Structures are given as structure tokens and as C-alpha cells.
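Reader: I have a model open beside me and would like to go through it with you. Could you start with whatever I need to know before we talk about loops and helices?

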Amino acid sequence: MKSPLLKDVDLNKHANSYINILGIIMQKNYLLISLLLIYIVSSSCTVLQWRKSDKEIQENFKVLNISSVISYFRVDSLDLNVRIQEISTDGKDVNLLFVHGAPSSISTWEKYLIDTTLIAATNMYALDRPGYGYSNFGDEITSIDQQSQILSAIINENKLQNVIAIGSSYGGPIAARVGLLNPNVKAVVMISPAIDPSIEKDFWASRFTQWKLTRWLVPTAYRVAGDEKQFHARELALIENDWKNLTIPILHFHGNIDDIVPYENINFSKENFQNVEVISISDKGHEISYKNSELIIPHIIDLINQIQEDD
């Protein structure tokens, strides 16, 4: 089922245009700040901030006649509220948990949440990671393990069994980490995951999120992404020796012309996971999680069938 309100967003295009303007400011003069502010106001908040309100999401799903529930999971110790969108009906024994990348939000998973085959076979839960969407927007948590602990607690709170954790880009290693932490996770799907700490790319543009002179000019979601990026290689290194203990099935999808997260991450997965299948997507880049869901959903369905047969 295709959403009449769903549009693919070219993140790289908008990010590059934004950073280009920042570059002009640095090279020319600060009078151009006024032009930048006009650009921000006239640009889509959904694009620059990567989020939709509860009302926008619910109206979209109402048009599609899909029952959607939005709730918030409270973490008192962190003064954190995690937004969760749930598509579920009674009688399902497999649960999908979706973990987005950076910057992003639950909206990136809409093509999965409206897929009639997945709706018929599973319950689905998509969440805004801390700092994104409506989960304490702007207040990042840079620890992969801490974010994974939060997701594990959500699984336990909702008494979810037979979970498939699905993560894209930055969310890939988080999904895999949840598979280590929680025995109710029976499989992991990583889409374009940034998981090898030794080949983490350093994007010069992300430095705009760290410099005091320019940080305030960068949209909040990109600041959060920049803060995560600053510590990502270190966070991956802290947990890389644990991957050998993960024995559940893992699917690693990667576009072979990915210019954001190196394709060579597939080698790390092959060397460090016991039960991994790498699926290379020819002539595709980093955005396969939301631009090419039709290539990924059939493999998720195969995992669902496998879990149901083993249960």
C-alpha cells in the first residue's frame, strides 16, 4: 500500500545545500546569515529536522485506514521520553522493532509500517532514538550501549517475544547490540550499518555542528547527528569484541556504491558475526532502507517465517 502523503527525502541533497551555505558564510561575510535564516524558514522542517508530529503521523495513517498507536516510554533516570509508533493487532507472535539512523526519526520506516504483508504477519514498533523526532529532541545520548539498554527495556516493558531488531546506518549496531542484550530478540537486520570502527568516515561538514561559531546555525537534528558522529568510532570500538557472542541470524544489507557508510563494512560483519548473511545491493547507495524497501521486505518476511517455524 502506498501512502499518498509519503515522499522520499534526499537527505544528502538537503544536507549538502545547507552545508554549502555555511561554507559561503565562513569564506565571505556574516551578512549572508540573513539569507541562511530565510533558507531555514522557507525549507521543510520535515527535511531539516527529520520529524513529524504525532498529529501528522496519525492523520497519515488514518487516511490509509491503518490503526496506529503512539506512546511514550519513560526513563526516569535520564529524564527521557522515547516516542514509539505501534502497528499491531491481537494474535501475532512476531514483533519488529525499527531503529533509525542519524539524522532521522520513525517517519523513515513508514514504507514498512504501511506494508500490508508485514501488517498481516507481525506487530511493528518504530521509535525515535534519543535526541531525534520527539524523544527529547536535541538531547543526544552518544553511548551505543546505553541506547541499546533503553531499547531492551522497551522490549521487556511491552513483553515482546520473537523480536526482529531492524536498524539502518547508525541504528544498525544498536539493533545488533540489542540482540546481545535481550534473549527475546531472535534475529537482526542491519541496513547500511556503520559498524566497523576502523573505517569510520570523517566528514568535514560535520565540524560545523561542533564549532561554536556555526553550531547554532545547524538544524537540531543535524547537531545531534554531529555529536553522535564525534564519538561513534570510539563507541563501536568499545563493543566490537562482543560481536562474536551474537549467534542469532543476522542480515547485513549494503549498497555497493554507498558514499556515506563504506561498503567495506561488509567485511567486518563477515569476520565478526557467527551467523551473518551479507546481501549486496548493486548500484545502490546509502538510502536503501527507505528508497528500496521493496528489496528488503521479502527477506524480512523470510525471517518471520523462519522464526515461526522454529517457535
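Predicted model: local features only at pLDDT ≥ 70, side-chain atom pairs only at ≥ 80, totals over all residues.

Author: Helices, of at least four residues, and strands, of at least two, are DSSP runs numbered from the N terminus.

Reader: What kind of peptide bond joins A102 and P103?

Author: The bond joining A102 and P103 is a cis peptide bond, with an omega of about -10°.

Reader: Where is T108, and is it buried or exposed?

Author: T108 is found in the loop between β3, residues 95–99, and α5, residues 110–113. Its relative accessibility is 9%, so T108 counts as buried, the cut-off being under 20%. Not counting residues up to four places away in sequence, T108 touches W50, H100 and Y290.

Reader: And S289, which helix is that in?

Author: S289 lies in helix α12, which covers residues 288–291, and S289 is buried, with a relative accessible area of 7%. Leaving aside its neighbours within four places in sequence, S289 is in contact with Y112, S168, I191 and I296.

Reader: How many residues along the chain lie between S289 and K111, and what separates their C-alpha atoms?

Author: S289 and K111 are 178 residues apart along the chain, while their C-alpha atoms are separated by 9.5 Å.

Reader: Stepping back, how many helices and strands are there in the protein chain?

Author: The protein chain has 13 helices and 8 strands, and buried residues make up 54% of its 311 residues. Among contacts between residues at least 6 apart in sequence, 74% join residues at least 24 apart.

Reader: Which residues have the most contacts inside the largest nonpolar core?

Author: Those are V82, V185, V188 and W243, in a core that has 35 residues. Helix α7, residues 144–157, supplies the largest share of this core, with 5 residues. There is also a second, separate core of 33 residues, which includes F61, I166, I300 and I307.

Reader: What is W243 in contact with, leaving aside its neighbours within four places in sequence?

Author: W243 is in contact with P173, A176, R177, L180, I195, F268, N272 and F273, once those neighbours are left aside.

Reader: Back to α7, how do its axis and that of α8 cross?

Author: The axes of α7 and α8, the latter being residues 171–181, come within 9 Å of each other and cross at roughly 60°. That angle is why α7 is described as oblique to α8, and the crossing is right-handed.

Reader: Which residues make that contact?

Author: On the α7 side they are I144, D145, Q147, S148, Q149, L151, S152 and I155, and on the α8 side P173, I174, R177, V178 and L181. By class, the contact of α7 with α8 has 7 nonpolar, 4 polar and 2 charged residues.

Reader: One last topic, backbone angles: what is phi for N65 and for S192?

Author: Phi of N65 is near 60°, a positive value in a residue other than glycine, and S192, which is not a glycine either, has a positive phi of about 50°.

Reader: Are those two buried or exposed?

Author: N65, in the loop between α4 (54–63) and β1 (69–75), counts as exposed at 72% relative accessibility. S192, in the loop between β6 (185–191) and α9 (212–215), is buried, with a relative accessible area of 1%.

Terms used
Residues numbered from 1 in each chain as written. Heavy atoms only, no water. Core = buried A, V, L, I, M, F, W, Y, C linked by side-chain atoms within 4.5 Å. Buried < 20%, exposed > 50% of the residue type's maximum accessible area, 1.4 Å probe, protein only. Contact = heavy atoms within 4.5 Å. Axes fitted to C-alpha atoms, helices over the stretch in contact; angles between N-to-C directions. Parallel < 35°, antiparallel > 145°, perpendicular 65-115°, else oblique. Left-handed = near helix turned anticlockwise from the far one by under 90°. Nonpolar A, V, L, I, M, F, W, Y, C, P; charged D, E, K, R; others polar.
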